[in-house]
Amino acid sequence: MVDVRDVHYAVDGRPIFTGLNVRVRRGLITAVMGPSGTGKTTLLRLITGQLFADSGQVLVFGRDIASLSRSEVYAERRRMGMLFQNGALLTDIDVFENVAFPVREHTDLPESVIRKLVLTKLEAVGLRGAAELMPSELSGGMARRVALARAIVMDPEVLLYDEPFAGLDPISLGVILRLIKQMNQALGITSVVVSHDVQELATIADQSYLLSGGAVVASGTPQELARSDSETVHQFMTGSEEGPVRFHYPAPDYASQLLGADEG
Amino acid sequence: MSNEARNGMVLEGLRKTGVTGMFLARLLLACVPAFARPRLIILQIYNAGARSLIIIMLSGLFTGMVLGLQGYQLLQRFGSEEALGAAAAISLLKELGPVLTALLFAGRAGTALTSEIGLMRATDQLTAMAVMAVDPMRYVAAPRFLGGLIAMPLLAAIFSIVGLFGAQLIGVQLMGVDRGVFWSQMQGALGLRDVVEGIVKSLVFGAVLSLIAVNEGYQSQPTAEGVALATTRTVVASSVLTLLLDYVLTAAFL
């Protein structure tokens, strides 16, 4: 479905990806993990054609997204759904209209059909009763579920999740996990989940990629990753501060900087 | 200033001009399909126009009243206070109406546009639309631009009308200028050309100010500080450009 081949990408001369390879296979849940700042969100932007790789290819539905015209990119996007980290609901319209938004924009369905469609999707995320609320009245977890309903309302073939678990309470987190699994199994939607919540991902992912330093450092099923003897993988899976991935942002020597401050 | 710093500033200036130019081109292209959703444009005329009515009418009234007082004082020295109607009408329709409306518009509607779009960017709403294959240029930017463009001349007209009422209130009711003379002098002095000048000015202000407000919101950094800065820039750029363009347009109409 999505095939990222040897992608290089840099922002202002700072390399984000140096030879990234990720394959998303149809009908599976693919997890992309990695520490913050490794370009996980950038990867989603490359897949949706918001950004283009400096070199290498991003194939979506078998076509190189960089070779498509603007209207072709928009046509491809209709086959995808994306769940944003904070939901990204439109704040000036209510929950019902938010979910109805893509339908109204892309189809000429009669109001009665739109109503049924939207209520079905809201029911699927357990928020049919919240249809009349405004986005500002929702909790973080609810907003994300509404955004999920909106993402699936056009029946996409691929769903992209950007940090779906960040900042959720345990109950909301469990609900979102179950929903991702459900979307995948019941509707057969291919899913790409970008996150740093390793434990949660391990329970649902069919295939995982661990990003670090601009490329994939490990891939396989979550069980395979857990058994890996690579130090980077081990550090990330266990959440240790010590290891190849540095906790400290690069800085001059601590002692000499503190001592130097007195002299200056 | 070193050569390099100066070159950097020139380059940055050129880059910004280019970005704004590209934005304008995309915006104008998006305006055509935006007419397919008249509901959105009407909503924005309501937001930029109807919601500015009270401030516009109040300002118009007081501007007219001041014109009535000052004009009367000045004209009385030359014994020609009956020309008050003509003087007030010409200054309101050609200058004060379009310019003051534009300045008020920048503060009331321009800032609202910039901060709204800036916050939509900061909360990923624009990105979300683009990913849902809805062009935010077409859905967000173009209706707001058109709404401002259409609302401005209407607001300027209302400003001038209320202003004339204010001038009349002071000149005729308070200072005792003859009512018939006041209105007939106005009718005689005012030509179609003066009205056209006012309309052209407020159309130009409407286009430029809406473009600035929408562009600043669109280009703002997606942070609280970025949106605040963009809003400030909208007011500053709008005010300065309004006065500058007013001079250019006045000269052009001579």
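Which helices do the buried residues of H7(B) pack against? In this predicted model, they pack against two helices of chain B, namely helix H4 (84-122) and helix H6 (136-174). The buried residues in question are Phe182(B), Gln185(B) and Met186(B), and they belong to a helix that runs over residues 179-189. Around the axis they cover an arc of only 100°, so they sit on the same side of H7(B). There is a simple rule behind this sort of pattern: an α-helix has 3.6 residues a turn, so residues three or four places apart point the same way. Now for the other face. Turned away from the buried side of H7(B) are the exposed residues Gly180(B), Gln187(B) and Gly188(B).

Stepping back to the whole of chain B, the count comes to 9 helices and 0 strands. Walking along the sequence, the pattern reads α-α-α-α-α-α-α-α-α. The C-alpha trace of chain B spans about 65 × 50 × 30 Å along its principal axes. Of the 254 residues in chain B, 46% are buried. Contacts tell a further part of the story: taking those in chain B between residues at least 6 apart in sequence, 87% join residues at least 24 apart.

One residue in chain B is worth a stop. Arg193(B) is part of helix H8, which covers residues 192-219 of chain B. Is Arg193(B) buried or exposed? Arg193(B) counts as exposed, because it has 10 C-beta neighbours inside 10 Å, and the cut-off for that label is 12 or fewer. Arg193(B) and Val177(B) are 16 residues apart along the chain, and 27 Å separates their C-alpha atoms.

Chain A brings in strands. Four of them, in the order S2-S1-S4-S5 (chain A), form an open sheet with antiparallel pairing. At its edges are strand S2 (14-24) and strand S5 (63-64) of chain A, each of which pairs on one side only. Strand S1 (residues 2-11) of chain A and S2(A) are joined by 8 bridges in the antiparallel sense. Across this pair, His8(A) stands opposite Thr18(A), which is in S2(A). A helix also joins in: helix H1 (residues 40-47) of chain A packs on the sheet and touches S1, S2 and strand S4 (55-60) of chain A. The direction of H1(A) makes about 115° with that of S1(A).

As a rule, most residues other than glycine have a negative phi. Asp12(A), in the loop between S1 and S2 of chain A, has a positive phi instead, near 50°. Strand S3 (residues 29-33) and strand S9 (residues 207-212) of chain A run parallel and are joined by 4 bridges. Within this pair, Val32(A) has Tyr209(A) of S9(A) as its bridge partner. S9(A) also pairs with strand S10 (residues 215-220) of chain A, in the antiparallel sense and over 5 bridges. Here Ser208(A) is partnered by Gly220(A) in S10(A). The hairpin of S9(A) and S10(A) has 2 residues between the strands, and in this hairpin Gly213(A) takes a positive phi near 60°.

So where do the two chains meet? Between them, 14 residues of chain A are in contact with 10 residues of chain B. On the chain A side, helix H2 (70-77) and helix H3 (95-106) of chain A are the elements that give two or more residues. H3(A) supplies the largest share of that side, with 3 residues. By type, the chain A residues that touch chain B divide into 6 nonpolar, 5 polar and 3 charged.

Finally, a word on confidence. The model scores ipTM 0.82 and pTM 0.84. For chain B the mean pLDDT is 92, and 100% of its residues reach 70 or more. Within chain B, confidence is lowest in helix H1 (residues 3-34), at a mean of 88, and highest in helix H9 (residues 224-253), at 95.

Technical notes:
Residues numbered from 1 in each chain as written. Chains lettered and ligands numbered in written order. Predicted model: local features only at pLDDT ≥ 70, side-chain atom pairs only at ≥ 80, totals over all residues. Buried ≥ 20, exposed ≤ 12 C-beta atoms within 10 Å, placed from the backbone. Arc of directions from axis to C-beta. Contact = placed C-beta atoms within 7 Å. Nonpolar A, V, L, I, M, F, W, Y, C, P; charged D, E, K, R; others polar. Pairing = 2+ DSSP bridges. Axes fitted to C-alpha atoms, helices over the stretch in contact; angles between N-to-C directions. pLDDT = per-residue confidence, 0-100.
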